[in-house]
Amino acid sequence: MLQKPKSVKLRALRSQRKFGVAGRSCQEVLHKGCLRFQLPERGSRLCLYEDGTELTEDYFPSVPDNAELVLLTSGQAWQGWFRHVAQDSLTLLGSSCPPALAS
């Protein structure tokens with residue numbers, strides 16, 4: 001467990017809202033995020049907003065302060081900001097999403 005709390009920016013998958021959350025562990029941030037967004041903690045997990053990497057307790061200390069995270073509930077997936085933007089752009093252009101970008 002970390003000595004000093006790590007501050008992160010947290011968003012839920014289907015929410016435009018973002019909250020600052022601090023915690024000494026991945027589990028503590030997940031717990032606080034679920035309370036903030038009123039989501040079930042069971043089956044929920046945290047991923048990096050940028051690339052969709054799922055956080056573990058071992059990986060959490062290497063996440064930089066103020067990193068942006070996505071809180072996912074059971075059955076939800078996030079593959080990262082770039083893939084999300086690319087998929088939206090293709091949809092706007094009227095193209096179907098290539099299999100490599102499908103979520």
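Is Phe19 buried or exposed? Phe19 is buried, because its relative accessible area is 19%, under the 20% cut-off. Welcome to this structure, which is a predicted model. The points below walk through its aromatic rings, its charges over rings, its cysteines and its nonpolar cores.

**Aromatic pairs**

- The count of aromatic pairs comes to two.
- One of them joins Phe19 and Phe37 in an edge-to-face arrangement, with 5.1 Å from centre to centre and 70 degrees between the planes.
- This pair links distant parts of the chain, since Phe19 belongs to strand β2 (residues 18–23) and Phe37 to helix α1 (residues 26–37), 18 residues apart.
- Like Phe19, Phe37 is buried, because its relative accessibility is 8%.
- Tyr49 and Trp78 form a stacked pair, because their ring centres are 5.4 Å apart and their planes meet at 15 degrees, under the 30 degrees that stacking requires.
- This pair, too, links distant parts of the chain: Tyr49 lies in the loop between β3 (45–48) and β4 (67–72), while Trp78 lies in the loop between β4 and α2 (81–92), 29 residues apart.
- Both Tyr49 and Trp78 are buried.

**Charges over rings**

- Tyr49 also has a charge over its ring: the charged end of Arg11 sits there, 4.5 Å from the ring centre.
- Phe60 has the charged end of Lys6 over its ring, 5.9 Å from the centre.

**Cysteines**

- You will find zero disulfides in this structure.
- For Cys26, the closest cysteine sulfur is that of Cys47, and the 9.4 Å between the sulfurs is too far for a bond, because a disulfide needs them within 2.5 Å.
- Cys26 is buried, with a relative accessible area of 8%.
- Cys34 counts as buried as well, at 4% relative accessibility.

**Nonpolar cores**

- The largest nonpolar core has 18 residues, and the members that touch the most others are Leu10, Val29, Leu46, Leu55, Leu69 and Leu71.
- Two or more residues of this core come from each of β1 (6–12), β2, α1, β3 and β4.
- Helix α1 gives the largest share, five residues.
- Beyond its neighbours within four places in sequence, Leu10 is in contact with residues including Phe19, Val21, Val29, Phe37, Leu46, Leu69 and Leu71.
- Another core, of five residues, lies apart from the largest one, and among its members are Tyr49, Val70, Leu72 and Trp78.

Technical notes. Residues numbered from 1 in each chain as written. Predicted model: local features only at pLDDT ≥ 70, side-chain atom pairs only at ≥ 80, totals over all residues. Heavy atoms only, no water. Phe/Tyr/Trp six-rings, centres within 6.5 Å; stacked < 30°, edge-to-face > 60°. Helix = DSSP H or I, 4+ residues; strand = E, 2+ residues; numbered from the N terminus. Buried < 20%, exposed > 50% of the residue type's maximum accessible area, 1.4 Å probe, protein only. Lys NZ or Arg CZ within 6 Å of the ring centre and 35° of its normal. Core = buried A, V, L, I, M, F, W, Y, C linked by side-chain atoms within 4.5 Å. Contact = heavy atoms within 4.5 Å.
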